[in-house]
Amino acid sequence: MTIESSRRDIGIAPTAPAFWNNPSIRALFYQLVLVGGVIAVGAYLVHNTLENLARQGIATGFGFLHREAAFEIGESLIEYSPADTYGRALLVGLLNTLCVAGIGVVLATILGTIMGIARLSTNWLIHKLAAFYVETVRNVPLLLQLIVWWDILRVSAPGPREAWQVLPDVFVSNRGVVFPLPVYHPLYAWIGLALVIAIAASIYVKRWAHARQMATGEQFPVLRTSAALIIGLPLLVFVIGGMPFTLDKPELRGFNFSGGHVVSPEFVALLVGLVVYTGAFIAEIVRAGILAVSWGQSEAASALGLRRGLALRLVVLPQALRVIVPPMTSQYLNLTKNSSLAVAIGFPDVTSIGNTTMNQTGQAIEGIAAIMVVYLTISLLISMFMNWYNRFVRLVER
Amino acid sequence: MSDITQPEIALPSEKPPAATLGAIGWLRTNLFNSISNTLLTLFAFYLIVVLVPPLFRWMFIDSTWIASSGKDCRASAGACWAFIGEWYRFILFGRFPYAEQWRPLIVIFVFIAMFLASCDRRLWGGKLIAIWLGGGALAIALMFGGFLGMTYVETSLWNGLPLTLILAVFGMLFAFPLAIMLALGRRSNMPAVHSLSVAYIELIRGVPLITILFMASVMLPLFLPSGTTIDKLLRAQIAIILFAAAYLAEIIRGGLQAIPKGQYEAADALGLSYARKMRLVILPQALTMVIPPLVNTFIGTFKDTSLVLIIGLFDLLTTANTSLTDANWRGFYWEAYMFVGAIYWCFCFFMSKYSQYLERDLNRTNLRRG
């Protein structure tokens with residue numbers, strides 16, 4: 001018996017609820033109020049802003065992007081001179097941000113993974129050292145660390161004549177870090193091509209071996225073959241090409257180094273600071289990821305007769321990655337966003353160039369909007385890439 | 001009856017091998033249990049020998065504790081703690097009137113007392129909110145002064161550690177209600193409410209704090225009707241509140257998602273309105289669940305307040321920076337930053353340890369033993 005019929009039985013007519021008690025009408029009302037409020041506040045702010053801008057005689061719009069910037073930029077990956085436009089200056093900043101963030105993400109991942117594994121080491125000394133690193137670095141503001149790294153290079157590092165030699169031909173001085181680079185030779189393009197072919201071939205070999213193992217049960221040493229291909233093929237091209245290899249070594253001439261590649265103290269301080277800081281957070285993520293795979297999984301793998309390497313690669317790692325990848329994404333995003341602290345130590349990233357632009361043109365709103373769009377785009381791209389990668393490692397339920 | 005016969009006389013139990021006992025046994029199991037581990041131990045030991053003794057000598061043996069100016073310090077190779085002795089009051093309190101610096105000192109202790117009170121679980125709930133509001137009001141009153149014979153001190157002179165604490169505590173306190181609304185908005189079925197919440201949260205989380213601080217310091221004055229001025233400290237505070245709210249909202253949303261559907265349905269079945277359902281049933285459970293990540297966000301906010309250096313506010317890091325520009329004492333940046341770093345570290349380390357303890361303790365029922 002339905003409610004309707006039972007009501008009819010006892011003689012109560014169903015009453016429609018009052019329209020103000022209807023949930024969908026209420027929802028519509030609330031949303032109208034909210035949207036109306038947001039629009040009203042927004043309109044009020046825009047009105048005030050336009051009035052203030054007009055009163056202070058500040059131009060609006062992005063026309064300034066095409067005007068001459070007229071300021072120097074310390075380091076740039078592309079050609080730049082003060083005669084170029086603000087737009088190009090911001091592009092220089094964007095490339096600097098991407099450069100420091102890209103190198104930083106790779107190095108922080110390596111450092112963090114080593115430290116995370118070290119924290120789980122059975123070796124008492126090693127895990128205490130790793131814990132000391134993590135606990136010290138995580139609990140001190142990044143900005144303070146950046147300033148200390150910068151001061152080490154600015155104040156404590158000697159001049160080029162007494163530069164610290166940290167590795168053969170790598171010198172640290174108050175002018176930055178200078179290291180040797182191989183001189184470009186046309187053959188290197190062919191070596192690059194050989195590398196691409198080798199990687200493509202290894203992927204093919206892996207698929208073929210997997211198909212054959214599924215069909216016949218026979219195994220094929222995929223890892224060794226791929227390693228031989230990826231190292232061997234470029235090497236072969238290099239040897240056939242006559243091994244052209246000259247290093248552009250830094251040498252002390254007078255008061256500074258000539259030759260080699262120089263990176264500024266600001267860049268080094270920012271990169272080292274970001275890597276050391278983010279590495280500590282990644283170490284914790286890696287540790288948690290490994291701990292999340294229960295010991296029974298390793299035992300089950302060895303009970304199946306898998307060797308340690310195979311057990312790690314086929315059983316433990318896929319499960320650990322599932323836990324590791326999402327928080328790792330947010331660390332990569334954090335590193336990229338934290339690179340904006342470059343403005344405090346004078347590295348010309350997109351934030352500090354945007355800041356200079358705002359100060360020169362007075363167009364704060366457009367300047368901040370440009371910086372925000374850049375970071376939002378980078379964040380979105382990193383999230384998209386990591387989500388794509390996450391699809392490979394997450395739990396596939398059948 | 002058992003077939004196994006016990007020996008008539010129990011043999012005295014033998015001692016375990018000497019190599020597994022005492023200090024040597026500990027060393028063997030923890031440091032030298034395999035060839036690779038032995039190599040690692042030797043490497044770590046080498047690092048410690050290279051780094052620690054020089055650091056120790058710099059800090060304690062070669063250091064100068066009493067000096068009238070930086071010249072006396074430069075004669076020795078060690079740390080110049082006399083610099084901290086000379087400047088610690090400026091680093092802690094900045095340009096706050098010297099004779100009145102007991103006020104910010106009390107403010108620091110008020111905040112520490114608030115943190116300690118927050119650890120007491122009997123106070124969780126309404127009482128804790130009252131304590132934070134009361135403590136915050138007391139701190140602001142002490143900083144401003146202007147009553148009971150205390151001179152009035154304007155906000156531009158609120159410097160050093162009290163400023164760092166004020167920005168962090170008020171940032172968290174005012175971000176919290178905003179974050180709850182955003183989290184509920186993001187879970188709402190109403191498309192307009194949902195999309196506005198998502199847009200706000202993702203916009204703020206997608207950009208660095210420094211851009212929000214720039215926005216607050218440059219654009220906020222433009223937003224207001226001409227003629228109104230807005231305090232510089234208040235601008236930074238608003239930026240930190242807006243920023244923290246987006247991160248808090250995501251954490252609270254995590255808690256809301258973890259509440260089983262049955263709780264929502266039970267509250268509906270009892271005929272509770274939306275507001276009462278949330279206030280009485282859902283939020284108390286969801287918020288308790290997310291306290292450890294909330295503490296972590298607070299630590300993050302605490303560290304992030306150092307960014308106000310860039311927009312020219314005198315927080316703990318800026319005062320340390322400023323102390324280094326004195327011509328008499330130039331170049332002792334290690335001492336200044338170690339001092340400031342140690343203060344930040346103490347606050348953050350103990351909060352993070354407490355959050356880890358809490359996480360284990362709140363999860364106790366969900367953990368397997370062993």
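A residue is buried if 20 or more other C-beta atoms lie within 10 Å of its own, exposed if 12 or fewer, and partly exposed in between. A:Gly259 has 16 C-beta neighbours inside 10 Å and therefore counts as partly exposed. The model described here is predicted.

**Surroundings of A:Gly259**

A:Gly259 belongs to the loop of chain A that runs between strand E7 (256-258) and strand E8 (261-263). Neighbours within four places in sequence aside, A:Gly259 is in contact with A:Asp248, A:Lys249, A:Pro250 and A:Glu251. A:Leu181 is 78 residues away from A:Gly259 along the chain, and 9.0 Å separate the C-alpha atoms of the two residues.

**The sheet of chain A**

Strand E8 of chain A also takes part in an open sheet of 4 strands, in which the order is E1-E2-E3-E8 and the pairing is antiparallel. Strand E1 (164-167) and E8 of chain A are the edge strands; each has a single partner strand, so one side of each is left without a neighbour in the sheet. From one strand to the next, the twist averages 25 degrees. In a regular strand, side chains alternate between the two faces of the sheet.

Two of the pairings can be followed at the level of individual residues. E1(A) and E2(A) run antiparallel and are joined by 3 bridges; A:Leu167 has A:Val170 in E2(A) as its bridge partner. The hairpin formed by E1(A) and E2(A) has 2 residues between the strands, and A:Asp169 takes a positive phi near 70 degrees there. Strand E2 (residues 170-173) of chain A is in turn joined by 3 bridges to strand E3 (residues 176-179) of chain A, again in an antiparallel arrangement. In this pairing, A:Val177 in E3(A) is the bridge partner of A:Val172.

**Domains of chain A**

The domain assignment divides chain A into domain 1 (3-55), domain 2 (86-140 + 264-393) and domain 3 (188-233). Taken over C-alpha atoms, the centres of domain 1 and domain 2 of chain A are separated by 44 Å.

**The two chains**

Chain A contains 13 helices and 8 strands, whereas chain B contains 15 helices and 0 strands. For chain B, the globule rule gives 21 Å for 370 residues, and the radius of gyration is 28 Å, well over that value, so chain B is more spread out than a compact globule. For chain A the radius of gyration is 30 Å, while a compact globule of 398 residues would have one near 21 Å. The table sets out further properties of each chain.

| Property | Chain A | Chain B |
|---|---|---|
| Buried residues | chain A: 28% of 398 residues | chain B: 32% of 370 residues |

**Contact between chains A and B**

The contact takes 45 residues from chain A and 42 residues from chain B. On the side of chain B that touches chain A, helix H2 (35-61), helix H8 (191-206), helix H9 (209-223) and helix H15 (333-362) of chain B each supply at least two residues. H15(B) provides the largest share of that side, with 9 residues. By residue type, the side of chain B that touches chain A divides into 30 nonpolar, 11 polar and 1 charged.

Methods. Residues numbered from 1 in each chain as written. Chains lettered and ligands numbered in written order. Predicted model: local features only at pLDDT ≥ 70, side-chain atom pairs only at ≥ 80, totals over all residues. Contact = placed C-beta atoms within 7 Å. Rg over C-alpha atoms; globule rule 2.2 N^0.38 Å. Pairing = 2+ DSSP bridges. Axes fitted to C-alpha atoms, helices over the stretch in contact; angles between N-to-C directions. Domains from an automatic or database assignment. Nonpolar A, V, L, I, M, F, W, Y, C, P; charged D, E, K, R; others polar.
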